[in-house]
Amino acid sequence: MASGDGSFECSGCGTCCRWPGQVRVSAAEIDRIAAFLGLPVREFIAEWTALTSDRRGLTLGEREDGACAFLSGDNRCRLQAAKPQQCQDFPLRWNFPGWERLCQGRKAGTCRPGRPSPGGS
Ligand code: SF4
């Protein structure tokens with residue numbers, strides 16, 4: 001799967017989904033994901049999201065190992081058709097320290113994508 005402008009080819013390795021950080025979701029994304037899952041919005045929020053650490057929004061739930069709750073056993077995103085913008089933006093618009101060693105995707109025409117952003121987010 002390529003990024004919006006085709007500059008990054010995702011291999012589906014799940015690296016970004018296992019990163020133990022927050023996946024912030026906007027109100028519009030919550031509506032979209034709840035509809036995609038066939039759940040009432042309130043139920044989706046109650047069962048599949050948590051308050052962000054800054055208490056200013058919601059993040060997708062995570063497994064005990066810190067991976068996203070929507071990463072399936074076969075390493076696929078169960079929200080693929082409705083996944084949040086943050087997921088679509090990895091790694092060109094945000095990433096984390098050391099991501100280059102883990103991510104199996106490729107930037108078009110190179111062996112490895114660009115540099116990590118300061119602060120890793
Ligand atoms: S929503 Fe999908 S793409 Fe985003 S972190 Fe979770 S499993 Fe990965």
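Mentor: Please bear in mind that this is a predicted model. Let us begin with a helix pair: Ile-30, Asp-31, Ile-33, Ala-34 and Leu-37 in helix 2 meet Val-41, Phe-44 and Ile-45 in helix 3.

Trainee: How are helix 2 and helix 3 oriented, roughly parallel or roughly perpendicular?

Mentor: Helix 2 spans residues 27-37 and helix 3 spans residues 41-48, with 9 Å between their axes. The packing angle is about 95 degrees. Angles of 65 to 115 degrees fall in one class, so helix 2 and helix 3 are roughly perpendicular.

Trainee: By class, how do the residues of the contact of helix 2 with helix 3 divide?

Mentor: Asp-31 is among the residues that helix 2 brings to this contact, and Asp counts as charged. The division is seven nonpolar, no polar and one charged.

Trainee: Which residues touch the most other members of the largest nonpolar core?

Mentor: This core has 13 residues.

Trainee: What is the make-up of the shell around the ligand, by class?

Mentor: The residues around the ligand include Cys-16, Val-23, Leu-60 and Lys-83. Lys counts as charged. The shell has 11 nonpolar, no polar and one charged residues.

Trainee: Is Ser-7 buried, partly exposed or exposed?

Mentor: Ser-7 lies in the segment before strand 1 (8-9). A residue needs 20 or more neighbours to be buried and 12 or fewer to be exposed. Ser-7 has 14 C-beta neighbours inside 10 Å, and therefore counts as partly exposed.

How values were computed: Residues are numbered from 1 along each chain as its sequence is written. This is a predicted model: local features need pLDDT of at least 70, side-chain atom pairs count only at pLDDT 80 or more; totals for chains, interfaces and linings use all residues. A residue is near a molecule or strand if its C-beta atom, placed from the backbone, lies within 6 Å of it. Axes are lines fitted to C-alpha atoms, for helices over the stretch in contact, and angles run from 0 to 180 degrees between N-to-C directions. Helices (H or I, at least four residues) and strands (E, at least two) are DSSP runs, numbered from the N terminus. Angles under 35 degrees count as roughly parallel, over 145 as roughly antiparallel, 65 to 115 as roughly perpendicular and the rest as oblique. Two residues are in contact if their C-beta atoms, placed from the backbone, lie within 7 Å. A nonpolar core is a set of buried Ala, Val, Leu, Ile, Met, Phe, Trp, Tyr and Cys residues joined through C-beta atoms within 7 Å.
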